[in-house]
Amino acid sequence: MESDMGSARYTAPAPEGMESFTVEAKAPRHIVTTVFHLAFKIASVVLYLFASLLFKGDFVVPFIICVILVAVDFWITKNISGRLLVGLRWWNEVKDDGTNEWIFESLEKTAVINPVESKVFWGSLFLYPAFWLAFLLANIFRIPPDVNWGVLCGITFAMGIANVIGYVKCARDARRQVTQMATKFVVEQSVKQAMNNV
């Protein structure tokens with residue numbers, strides 16, 4: 001007999017015709033992705049906070065390094081960690097007529113999402129732009145305002161908010177798809193049962 005201590009299991013019912021699968025909740029599956037998801041966020045914040053000490057008043061070098069860290073973080077969050085940690089991916093395409101089209105992808109087997117990794121992803125996704133908004137406001141309301149660092153904070157805040165908006169829209173779309181699939185399944189099963197009773 002197995003011990004229940006610390007071995008929570010999450011089992012999802014499999015779609016018709018597919019095997020069921022089990023995922024261990026205690027063992028994160030994507031540790032490297034989680035580390036990189038957090039590392040570039042933390043590195044950019046630490047660099048911003050300690051730039052004057054590390055670079056002795058120089059602005060250009062820490063600005064460039066910070067923008068590179070933020071760009072890499074944006075790309076990793078949008079293209080890698082979102083897909084692996086929460087099963088979501090988004091992008092925006094500009095059509096020939098100039099209109100935007102949001103495209104969303106979501107993992108069908110949501111049971112493979114580790115709850116700890118998901119919380120890390122969503123928590124850092126929302127906290128990161130919040131930090132940069134606070135830094136931006138601090139630079140704006142400083143006497144005299146620090147325009148140089150304010151620009152960096154504005155760029156970083158905008159990139160963080162772009163990921164927040166993309167993933168929130170993507171999560172809503174995924175929930176809508178799950179609801180539609182569940183409704184379709186219930187209707188199909190009701191029709192089958194009604195046909196069997198006739």
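Is Asn163 buried or exposed? Keep that in mind as we walk through the model, and we will select Asn163 at the end.

**Before you start**

This is a predicted model, in which local features need pLDDT of at least 70, side-chain atom pairs count only at pLDDT 80 or more, and totals for chains, interfaces and linings use all residues. Residues are numbered from 1 along each chain as its sequence is written, and side-chain values use heavy atoms, with hydrogens and water left out.

**Stop 1: the whole chain**

Show the chain as a cartoon.

**Stop 2: a hairpin**

Select residues 88–94, strand 3, and residues 100–106, strand 4: these strands run antiparallel and are joined by 7 bridges. Two strands pair if DSSP finds at least two bridges between them. Together, strand 3 and strand 4 form a hairpin with 5 residues between them. Now pick Asn92, which stands opposite Trp102 in strand 4. In the turn, click on Gly98, whose phi is positive, about 95°. Most residues other than glycine have a negative phi.

**Stop 3: two helices side by side**

Next, select helix 2 (residues 60–86) and helix 3 (residues 115–140). Their axes come within 11 Å and cross at roughly 150°. Axes are lines fitted to C-alpha atoms, for helices over the stretch in contact, and angles run from 0 to 180 degrees between N-to-C directions. Helix 2 and helix 3 are therefore roughly antiparallel to each other (angles over 145 degrees count this way). Show the side chains of the contact (heavy atoms within 4.5 Å): helix 2 contributes residues including Val70, Asp73 and Leu85, while helix 3 contributes residues including Phe121, Trp122 and Trp132.

**Stop 4**

Move to Ile143 and Pro144, which are joined by a cis peptide bond with omega about -15°. Pro144 lies in the loop between helix 3 and helix 4 (147–197). Most peptide bonds are trans.

**Stop 5: back to Asn163**

Finally, select Asn163 in helix 4. Asn163 is buried, with a relative accessible area of 3%, since buried means under 20% relative accessible area (1.4 Å probe, protein chains only). Not counting residues up to four places away in sequence, Asn163 touches Phe74, Thr77, Lys78, Trp90 and Leu125. Across the 198 residues of the chain, 32% count as buried.

Note on methods. Helices (H or I, at least four residues) and strands (E, at least two) are DSSP runs, numbered from the N terminus. Angles under 35 degrees count as roughly parallel, over 145 as roughly antiparallel, 65 to 115 as roughly perpendicular and the rest as oblique. Buried means under 20% relative accessible area, exposed over 50%, partly exposed in between (1.4 Å probe, protein chains only).
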